[in-house]
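Hello,

Here is the structure I promised to pass on to you. Have a look at it first, and then read my notes below with the picture open beside you.

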Amino acid sequence: MGLTKERAVGVDQAETITIREMVSEDLPQVTALERQIFPDPWSADAFRSELSGKSYSFPFVAVDEAGTIVAYMVSWIVVDEAHLGNIAVIPSHRRRGIARLLMDRLVSEANAHNARLVTLEVRVSNRNAIRLYEQYGFYPFMIRKRYYENGENALVMVKPLNESGKIKPLSHWESENS
Ligand SMILES: CC(C)(COP(=O)(O)OP(=O)(O)OC[C@H]1O[C@@H](n2cnc3c(N)ncnc32)[C@H](O)[C@@H]1OP(=O)(O)O)[C@@H](O)C(=O)NCCC(=O)NCCS
């Protein structure tokens, strides 16, 4: 398993953050963080099932120099679509570029698997996350009504990858289809 080392630079401090694949030993820490961060947390079983060797599942953690998990992400790549299922950074480590590092890893996996776009759902009220995704090149695509347990709508966002994901005239697709 290869480790991707990236440097995440904060406003007043710099620390090396490592992105690595999530393993079963991470589950107690990840599920505890998930419960602290989200009102409708994923269960331990939900995370466990992502570690059961599914070829389409790509769960990662970000760890600090002491090996403590400071962020995590679950993503899927199915055929030519990558999907961001879950992402969170612990409050003390926000605004240091760690979510951006995790998404860099997702995009690099997506490109390696020839995905053509990345999709995600985000609560319409989650302005911080929407800002992050916009900054990262996602655009708002549609509203998915009452997607969340409390009845809140989801904003579906899409990021095309490479030239193949960009909007092209119908004539392009007709020639590709022939
Ligand atoms: C959303 C979240 C993952 C962002 O993580 P992060 O590591 O702080 O994000 P980054 O530092 O990589 O931010 C990258 C860019 O996103 C935008 N952004 C991120 N957090 C922001 C905030 N609180 N307010 C405004 N913009 C924000 C900024 O443009 C930022 O760049 P900048 O710091 O240079 O201005 C984090 O706030 C979090 O875990 N929130 C709770 C869980 C959650 O909502 N997950 C998303 C579910 S869809």
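Among contacts in the chain between residues at least 6 apart in sequence, what percentage join residues at least 24 apart? The share is 54%. Please keep in mind as you read that this is a predicted model.

Let me start with the overall layout. The chain contains five helices and eight strands. If you walk along the sequence, these elements come in the pattern β-β-α-α-β-β-β-α-β-α-β-β-α. The chain has 178 residues, and 24% of them count as buried.

Next, the inside. The largest nonpolar core has 36 residues, and those touching the most other members are Phe60, Ala62, Ala71, Tyr72, Ile98, Leu102 and Leu106. Several elements supply at least two residues each to this core, among them strand E2 (14-21), helix H1 (27-37), strand E3 (57-63) and strand E8 (154-160). Helix H3 is the one that gives the most, with seven residues.

E3 and E4 pair in the antiparallel sense, over seven bridges. In this pairing you can find Val63 opposite Ile69 in E4. The hairpin of E3 and E4 has five residues between the strands, and Gly67 there takes a positive phi near 90 degrees. E4 is also joined to E5, again running antiparallel, by eight bridges. Here Val74 stands opposite Asn86 in E5. Two residues lie between the strands in the hairpin of E4 and E5, where Val79 takes a positive phi near 50 degrees. Why is E4 described as largely enclosed by the rest of the structure? The reason is that seven of its ten residues are buried.

Two single residues are worth a visit as well. Met157 is in strand E8, and it counts as buried because it has 22 C-beta neighbours inside 10 Å, where 20 or more are needed. Not counting residues up to four places away in sequence, Met157 touches Leu120, Val122, Tyr133, Phe138, Tyr139, Pro140 and Phe141. Met157 and Glu121 are 36 residues apart in sequence, yet their C-alpha atoms are 6.3 Å apart in space.

The other residue is Ala32, in helix H1. Is Ala32 buried or partly exposed? Ala32 is partly exposed, because 13 other C-beta atoms lie within 10 Å. Ala32 and Ser43 are eleven residues apart in sequence and 9.8 Å apart in space, going from C-alpha to C-alpha.

Finally, the ligand. There are 18 residues around the ligand, and Arg94, Ala99, Arg100, Asn128 and Leu132 come nearest. The elements that give two or more residues to this shell are strand E5 (81-89), helix H3 (98-112) and helix H4 (127-135). H4 gives the most, with five residues. By type, the shell divides into nine nonpolar, four polar and five charged residues.

Enjoy exploring, and write back with any questions.

Best wishes

Definitions and conventions:
Residues are numbered from 1 along each chain as its sequence is written. This is a predicted model: local features need pLDDT of at least 70, side-chain atom pairs count only at pLDDT 80 or more; totals for chains, interfaces and linings use all residues. A residue is near a molecule or strand if its C-beta atom, placed from the backbone, lies within 6 Å of it. Helices (H or I, at least four residues) and strands (E, at least two) are DSSP runs, numbered from the N terminus. Ala, Val, Leu, Ile, Met, Phe, Trp, Tyr, Cys and Pro count as nonpolar, Asp, Glu, Lys and Arg as charged, and the others, Gly among them, as polar. A nonpolar core is a set of buried Ala, Val, Leu, Ile, Met, Phe, Trp, Tyr and Cys residues joined through C-beta atoms within 7 Å. A residue is buried if 20 or more other C-beta atoms lie within 10 Å of its own, exposed if 12 or fewer, and partly exposed in between; C-beta atoms are placed from the backbone. Two residues are in contact if their C-beta atoms, placed from the backbone, lie within 7 Å. Two strands pair if DSSP finds at least two bridges between them.
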